[in-house]
Amino acid sequence: MVNKRLFIQAALAIATAGAFSVHAQDAIKVGVTAGPHAQIMEHVKQVAEKDGLKIQIVEFSDYVQPNAALAAGDLQANSYQHGPYLDAQVKDRGYKLVKLANTVNFPIGLYSKKVKKLDELKTGAKFGIPNDPTNGGRVLLLLQDQGLIKLKPNAGLKATPLDVIENPKKLRFVELDAAQLPRSLDDLDASAINTNFAMSAGLNPKKDAIALERADGPYVNILVVRAGDEKQAWASKLVKAYQSPSTREFVEKQFQGSVLLGF
């Protein structure tokens with residue numbers, strides 16, 4: 001019994017030492033969506049390692065799971081969303097998540113395989129938009145800027161198709177998960193696609209989009225952590241690596257203006 005007890009104590013001591021060792025080495029898991037966010041984080045990982053921060057990148061294929069995983073403690077941070085989307089998730093799901101720092105901006109674009117200009121859309125055209133409130137509203141504001149629709153004056157960033165008060169072309173809005181929108185182009189007359197998903201599908205926002213969102217909007221992307229982790233040593237190292245001159249140069253060279261710096 002004594003030997004067994006000593007064996008268990010030794011095993012616990014080893015496990016505990018391992019846990020402290022991981023913490024001491026500043027090893028963290030960061031969630032990203034596939035595409036540019038993942039590509040950028042791969043570079044950030046290399047920069048951070050020189051500063052003693054080891055990053056394990058976890059890729060997701062949708063916008064919902066990275067926040068759920070972070071809130072559950074399966075990640076230490078994520079990098080894929082803009083501020084309005086985080087605000088909506090916090091409000092709707094009660095997550096205790098906060099912004100850590102700005103990252104990059106992905107102007108949302110409008111794409112079509114059937115027309116080359118928005119004014120070529122026929123009456124009753126089917127138009128794909130993201131089904132989450134913030135990105136859906138973002139697209140409707142872009143369509144309003146392009147003169148295709150008019151929204152209620154107080155619709156704001158979370159506008160929905162119900163807020164459309166003028167729709168001369170009688171566009172029929174098809175709401176889909178943002179990740180599914182690139183595949184919708186064959187079935188719809190046009191579709192709004194977030195830049196990270198567009199690029200993952202082989203689309204070049206600067207060349208292929210028939211309209212692009214202005215770069216000076218409120219949709220800069222952010223690093224997000226659980227509330228209370230903002231002052232952790234690894235958090236400052238993550239921000240330092242992301243906003244480093246090396247990462248800035250990588251983004252500018254890799255994406256040629258399709259992804260804009262937000263810091």
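1. Let's start with two helices: H2 (36-49) and H8 (233-242) cross in a right-handed manner. (A crossing is right-handed if the near helix is turned clockwise from the far one by less than a right angle, and left-handed if anticlockwise; helices, H or I of at least four residues, and strands, E of at least two, are DSSP runs numbered from the N terminus.) Their axes come within 8 Å and cross at roughly 115°. Axes here are lines fitted to C-alpha atoms, for helices over the stretch in contact, with angles running from 0 to 180 degrees between N-to-C directions.

2. A word on the model before going on: it is predicted, local features need pLDDT of at least 70, side-chain atom pairs count only at pLDDT 80 or more, and totals for chains, interfaces and linings use all residues. Residues are numbered from 1 along each chain as its sequence is written, and side-chain values use heavy atoms, leaving out hydrogens and water.

3. Which residues of H2 meet H8? Ile40, Met41, Val44, Val47 and Ala48 do, and on the H8 side they find Leu238, Ala241 and Tyr242 (contact means heavy atoms within 4.5 Å). Ala, Val, Leu, Ile, Met, Phe, Trp, Tyr, Cys and Pro count as nonpolar, Asp, Glu, Lys and Arg as charged, and the others, Gly among them, as polar.

4. H2 also passes H9 in a right-handed crossing, with axes that come within 10 Å and cross at roughly 145°. Pro36, Gln39, Ile40, His43, Val44 and Val47 of H2 meet Ser246, Thr247, Phe250, Val251, Gln254 and Phe255 of H9. Here the residues divide into seven nonpolar, five polar and no charged.

5. Now look at the largest nonpolar core, which has 28 residues. (Such a core is a set of buried Ala, Val, Leu, Ile, Met, Phe, Trp, Tyr and Cys residues joined through side-chain atoms within 4.5 Å; buried means under 20% relative accessible area, exposed over 50%, and partly exposed in between, with a 1.4 Å probe and protein chains only.) Val30, Ile40, Met41, Val44, Ile55, Leu223 and Leu238 touch the most other members. Among the elements giving two or more residues to this core are H2, H8, H9 and strand E13 (221-226). A second, separate core of 22 residues includes Ile108 and Leu121.

6. Pick out leucine 223 next. Beyond four places away in sequence, its contacts include Met41, Val98, Leu100, Leu238 and Tyr242.

7. How many aromatic pairs does a search of the whole structure find? There are six. (Rings of Phe, Tyr and Trp, the last by its six-membered ring, pair if their centres lie within 6.5 Å; planes under 30 degrees apart are stacked, over 60 edge-to-face and the rest tilted.) Tyrosine 63 and phenylalanine 197 form a tilted pair, 5.0 Å centre to centre with 35° between the planes. These two are 134 residues apart, and both are buried. Tyr63 and Phe197 also belong to a ring cluster with Tyr80 and Tyr85.

8. Lysine 170 counts as exposed because its relative accessible area is 55%. Glutamine 256, in the loop between H9 and strand E14 (260-261), is exposed too, at 54%.
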